[in-house]
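The sequence and structure are shown first.

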Amino acid sequence: MSSINTNLGAMVALDTLKGINKNLGMVQNEISTGKSINSAADNAAIWSISTVMESDVAGFEQISNSLNLGSATVGVARVAAEEVVANLQDIRDNLIAAQENNVDKDKIQIDINESIAQIESIVAGAQFNGQNLLNSIGSINILSSLNRDAAG
């Protein structure tokens with residue numbers, strides 16, 4: 001009778017090593033891509049959902065950029081409007097002061113003219129990315145949401 005001597009422990013260890021190497025390849029792939037499902041072949045339903053979600057995230061990043069741009073544009077207009085209001089208050093104060101009898105009205109008029117020139121300069125320079133909300137007619141469009149219809 002013939003017999004083959006085998007090392008059962010070595011066979012179990014070899015089988016375990018093969019399983020570890022197989023799983024190691026899958027884990028390394030997941031780590032490198034950041035995904036457990038990399039293609040439709042892995043799991044079509046989850047891959048489809050993942051692809052839609054990636055598209056949504058990219059869309060939300062663009063919405064965030066658009067909102068930041070809109071915020072900066074409105075911020076420039078707000079600061080300019082506050083400066084215009086300050087100059088208008090100076091004009092009001094000068095007009096009140098001009099009501100007195102013993103004041104130099106020519107000097108007050110020069111101050112008022114300078115305030116008017118500053119207001120014109122502020123309004124002309126209150127632009128961000130070519131958009132001036134203080135002297136433009138019309139509206140500004142800011143992307144602020146993502147809509148998906150029934151077709152996806």
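The sections below describe the fold, the nonpolar core and selected residues of this chain.

## Basis of the description

This is a predicted model, in which local features need pLDDT of at least 70 and side-chain atom pairs count only at pLDDT 80 or more, while totals for chains, interfaces and linings use all residues. Residues are numbered from 1 along each chain as its sequence is written, and side-chain values use heavy atoms, with hydrogens and water left out.

## Overall fold

The chain contains three helices and zero strands, where helices (H or I, at least four residues) and strands (E, at least two) are DSSP runs numbered from the N terminus; along the sequence this gives the pattern α-α-α. Of the 152 residues, 14% are buried, a term that stands for under 20% relative accessible area, as against exposed for over 50% and partly exposed in between (1.4 Å probe, protein chains only).

Contacts (heavy atoms within 4.5 Å) between residues at least 6 apart in sequence join, in 60% of cases, residues at least 24 apart. The chain exposes about 11600 Å², of which carbon and sulfur atoms supply 56%; accessible areas come from the Shrake-Rupley method with a 1.4 Å probe, and for residues only the protein chains shown count as cover.

## The nonpolar core

A nonpolar core is a set of buried Ala, Val, Leu, Ile, Met, Phe, Trp, Tyr and Cys residues joined through side-chain atoms within 4.5 Å. The largest one here has nine residues, namely Ala80, Val84, Ile91, Ala98, Ile108, Ile112, Ile119, Ile122 and Ala126. Helix 2 (44-97) and helix 3 (105-125) each supply at least two residues of this core, and the largest share, four residues, comes from helix 3.

Leaving aside residues up to four places away in sequence, Ile91 touches Ile112, Ser115, Ile116 and Ile119. In soluble globular proteins, nonpolar side chains tend to be buried together.

## Individual residues

Asp56 lies in helix 2 and is buried, because its relative accessible area is 16%. Beyond residues up to four places away in sequence, Asp56 touches Leu146 and Arg148.

Leu8, by contrast, is found in helix 1 (residues 8-33) and counts as exposed, because its relative accessibility is 62%.

Asn129, in the segment after helix 3, has a positive phi of about 55° although it is not a glycine. Most residues other than glycine have a negative phi. Asn129 also counts as exposed, at 64% relative accessibility.
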